Amino acid sequence: SVREKLHLRACLVVHRDSKAKSCVELKGEMLVLPQRSRLPIHLYLERDCPSRASKPKDFFKRIVAPASVESGLDYVVRKRAAAALVDHTDLDQYKASKPQFHARLRILQQSVLFPAGVIIYQPGKLDASIVSAVRRSLLSAGSTTRGQQLLRMCRISSFQNVTAEYESELKAILKLYPPSK
């Protein structure tokens, strides 16, 4: 599955007037982490912002979880929070829907690109005709009203076939973000 872009990137966003030059300077401040934030956002927070040596709940004064990315970014625009951690595609949507508010924000830091999620199955466990029918349905989901509703609900723009580079992208991100022990 994909969103408008084939990769995800965590963006630490602050008000354009913020004096902070890195996440480290946000110690003791309030951070916005919208509900339903995707896994790469959480990984970036836990491992890179501020660092692997410090737990986010101990570093930030408070982490708030508004229901939507838009309301979370509004917190930063109104200077009710020092920063928000969001996906770059959500930030792009905010720019499209609220350009005057977006102009009051800047990206302080951002993560590397994470590959988008995929739907996988175990070969041999499903009949090939079922796999083919599901694949066709997913790939054409955007062509029906019901399919478009499903895509919006899942916060994705479309389903696409996996690219040839996907496996190498996964291996690269696993080197940077190995599973926790």
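A polar contact is a pair of N or O atoms within 3.5 Å, where, within protein, one atom must be able to donate a hydrogen and the other to accept it, and where residues adjacent in sequence count only if both atoms are side-chain atoms. The model is predicted, so that local features need pLDDT of at least 70 and side-chain atom pairs count only at pLDDT 80 or more, whereas totals for chains, interfaces and linings use all residues. Residues are numbered from 1 along each chain as its sequence is written, and side-chain values use heavy atoms, with hydrogens and water left out.

| Partner of the Gln109 side chain | Distance |
|---|---|
| Tyr44, side chain | 2.9 Å |

With neighbours within four places in sequence set aside, the residues in contact with Gln109 (heavy atoms within 4.5 Å) include Ala10, Ser22 and Asp48.

Strands (E, at least two residues) and helices (H or I, at least four) are DSSP runs numbered from the N terminus, and two strands pair if DSSP finds at least two bridges between them. Strand E2 (residues 10-15) runs antiparallel to E6 and is joined to it by five bridges, with Leu12 opposite Gln109. The open sheet of five strands has the order E4-E3-E5-E2-E6 and mixed pairing; its edge strands are E4 (62-64) and E6 (105-110).

Helix H1 (residues 39-48) lies across E2, E3, E5 and E6, running at about 135° to E5, where axes are lines fitted to C-alpha atoms, for helices over the stretch in contact, and angles run from 0 to 180 degrees between N-to-C directions. Helix H4 (residues 88-97) also packs on the sheet, touching E2, E5 and E6, and its direction makes about 105° with that of E5.
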